Amino acid sequence: MLVGVAGLAALAGWALACRSAAPPQLRQAPVAQLAPGHRVILLSLDGAAAADLHRLHRAGLLPRGFDRFFAEGEVAEAMLPVSPASTATNHASLATGYSPARTGIVSNSFHLAGRPLEERVGGLYTAIGTETLWQAARRQGKQVGVVAFPGFDSAPRGNWGVDWPLKPALRSRLVALSPVRSTLGADTGCEALARDRTDDGALDYDSIQVLCTAASGAALPAVDLGVGEWRRLQLGPAGAPRGGVWAWAKLLALDARTAAGWLYVGPAYGPSMPEGYPQSYTAALGGAGWIWPGTPDEALVAAGWRGDPGIDLETWFEQEQRLTHLLIDAMIAGWRSEPTDLLLGYLPALDQAGHLLLLEDARREGYSAARRDARRLMRDRVWQMVDRELGRLLDAVDLGTTTVALVSDHGMQPVHTAIDLNTALETAGLLRFADASHIDPARTRAWALGYGGVAHVYFNLKGREPAGIVAPSEVPELRLRVLAALDGIAISAEKGTEQPVAATYSRAEAARFGLDSPNSGDLIAFAVPGYVFRSDWHQGRPLAGTPTNYGDHGYFTDVPSMRAIFLAVGGGVGKRSAGVASVLDVAPRASAWLGIDRPAAMRRLDHLPR
């Protein structure tokens, strides 16, 4: 482990965090002989922390869904993610049973050799380097449904499913209502009229009516909204698909005398399910009034907290509830109507709540006990909402013929300071800018890609990078200079200074915990919990700043807050409490329940077409 003398002090607070060992394998109970046709549901609850699960269970606050696992099935004390404990990295390992060294997914964002120096790829949109559970199941004759489960494939992953839509037709917006008549924006084809629905002889505005016109000129259905009410709007922007696009809208406020107020309009998507397949499945969802709502609007919540126009936390929670409900609806609909042996599902609510609401560190800008407590209560409400939706899914399943497993990819850590490692590299003369926002590859020797608690530092090597300037003989000296730059970062704290870089590994050293992929950095730095790494690539960027999120992840696997969950119930699972599981256990266990061979170590492209 390449860590300087000063870095040892930063390690003292979390001695387990850099233990160079692979995640332990859970001592599994033998899988009972299951009948042919046994079915499996693997549901990922992104960001669900083991500590929160067990705390809320002990308090009796999860009676609808989670408690059934505690009462009837297997519950691990915790599940260790692979390092880094990030969404893309661990979903790739959940889906395969292999470490990042094999999957190639080494962070939520990383660099591929041979690509332009500033180009980064998203871990959720990069092909996994091994066979996946969905590929292995289909190759062996199983029918697979995939509802938003993270992971990329060039072909449809399941026989039916829903992939995460990437871009709405129209972005969300907050509309300031003018007296009597307002436009929702020239790109929507809609306007809002203030209304007084009471016949009491006094003019008291109490609602609005939204009128939209399609690009063809045809009038779309009018929609009335009272204060606090949500309604679906059919919008008619130019270039919209037949039937227009749909968005959820809420009237946030309306002055009874002047009709001034605020209307929130969420992101707009096409009819039914824009990224669903096959057409028979998505048509059934659309016929049931199923439209994609988009993700909860964290940016407008943050604006409201700053005192700018925005939405309140209750509105955000209602969005979270709607998205979770619809994803469960999509799982149940496919489970009931489509031939299915394996369902891979995903719920992002707990991860989104952790990022937005984990204001637990007094060092964080804007911290107060009152704000902490209010957001803590809301996080618990999100857990309880997910518990209710999980109960709906369990009610739709015959546990005599089905095994249901709940997993997560990581926990969540309160964060207080963001560090831009590229600023440190620039100060050390190892990174140069061509202009204010572009790195100069002709003069840059090393650059960092930070995401949460991990940063990959890449060397601009000749023969590997398109504009490489570092000869192989120069690598040892460059490594020492980068280590000195990272180890020299010191941040003022209450009791002197702190070092945000806890440990730095060479790629070869990272083999000890399965992170020695060619996609990994030449050096891999992990942050002290509470610090996160960012890579904004702007000249003169401050070394330290305020993080975007209140909670984050991406740390080394042994950081206690990163511990994830594992629960299972149904056929092939006995009632027991288990020790610490590993993300690497999941795909082999799911394969055993299905009665198939586990995913192969090499990527297989011969899975069945949809």
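Predicted model: local features only at pLDDT ≥ 70, side-chain atom pairs only at ≥ 80, totals over all residues.

Trainee: How many disulfides does the count come to?

Mentor: The count comes to one disulfide. Cysteine 190 is joined to cysteine 212, with 2.0 Å from S to S.

Trainee: Which strands do cysteine 190 and cysteine 212 lie in?

Mentor: Cysteine 190 is in strand β9 (residues 190-195) and cysteine 212 in strand β10 (residues 207-212), so the pair ties together parts 22 residues apart in sequence. The link is right-handed, with 110° about the S-S bond.

Trainee: And are those two cysteines buried or exposed?

Mentor: Both cysteine 190 and cysteine 212 are buried.

Trainee: What's in the loop between β9 and β10?

Mentor: Aspartate 206 is found there, and it is partly exposed at 23% relative accessible area. Leaving out residues up to four places away in sequence, aspartate 206 touches several residues, among them Arg195, Gly226 and Leu254.

Trainee: Which residue does arginine 195 meet in a salt bridge?

Mentor: Arginine 195 meets aspartate 224, at 2.8 Å from N to O. That pair links distant parts of the chain, with arginine 195 in strand β9 and aspartate 224 in strand β11 (residues 223-226), 29 residues apart. Aspartate 224 is partly exposed at 28%, and arginine 195 is partly exposed at 30%.

Trainee: How many salt bridges does the structure hold?

Mentor: It holds 31 salt bridges. Another of them is between arginine 379 and glutamate 360, where the closest N and O atoms are 3.1 Å apart. Here arginine 379 sits in helix α11 and glutamate 360 in the loop between α10 (349-357) and α11, 19 residues apart. Arginine 379 is buried at 10%, whereas glutamate 360 is partly exposed at 24%.

Trainee: Which buried charge has no salt bridge?

Mentor: Aspartate 387 is buried and has no salt bridge; arginine 388, the nearest side chain of opposite charge, is 6.8 Å away. Aspartate 387 lies in helix α11 (residues 369-395). Not counting residues up to four places away in sequence, aspartate 387 touches Leu62, Pro63, Arg64, Gly65 and Phe66.

Trainee: Switching to rings: how many aromatic pairs are found?

Mentor: The whole structure has 15 aromatic pairs. In one of them, the ring centres of tryptophan 164 and tryptophan 292 are 5.0 Å apart with planes at 85°, so the pair is edge-to-face. Tryptophan 164 is in the loop between β6 (160-162) and β7 (173-177), and tryptophan 292 in the loop between α7 (279-287) and α8 (298-305), so the pair ties together parts 128 residues apart in sequence. Tryptophan 164 is partly exposed at 26%, but tryptophan 292 is buried at 2%.

Trainee: Which residues do ring pairs link into a cluster?

Mentor: Trp164, Trp290, Trp292 and Tyr346.

Trainee: And which charged ends lie over a ring?

Mentor: Arginine 39 lies over the face of tryptophan 335, 3.7 Å from the ring centre. The charged end of arginine 598 sits over the ring of tyrosine 98, 4.4 Å from its centre.

Trainee: Last one: how many residues of helix α14 are buried?

Mentor: Seven of its nine residues are buried, so helix α14 (residues 586-594) is mostly covered. Among the buried ones are Arg589 and Trp593. After α14 comes glycine 595, with a positive phi near 80°.

Definitions and conventions. Residues numbered from 1 in each chain as written. Heavy atoms only, no water. Disulfide = S-S within 2.5 Å. Helix = DSSP H or I, 4+ residues; strand = E, 2+ residues; numbered from the N terminus. Buried < 20%, exposed > 50% of the residue type's maximum accessible area, 1.4 Å probe, protein only. Phe/Tyr/Trp six-rings, centres within 6.5 Å; stacked < 30°, edge-to-face > 60°. Lys NZ or Arg CZ within 6 Å of the ring centre and 35° of its normal. Lys, Arg positive; Asp, Glu negative; His and termini not counted. Salt bridge = Lys/Arg side-chain N within 4 Å of Asp/Glu carboxyl O. Contact = heavy atoms within 4.5 Å.
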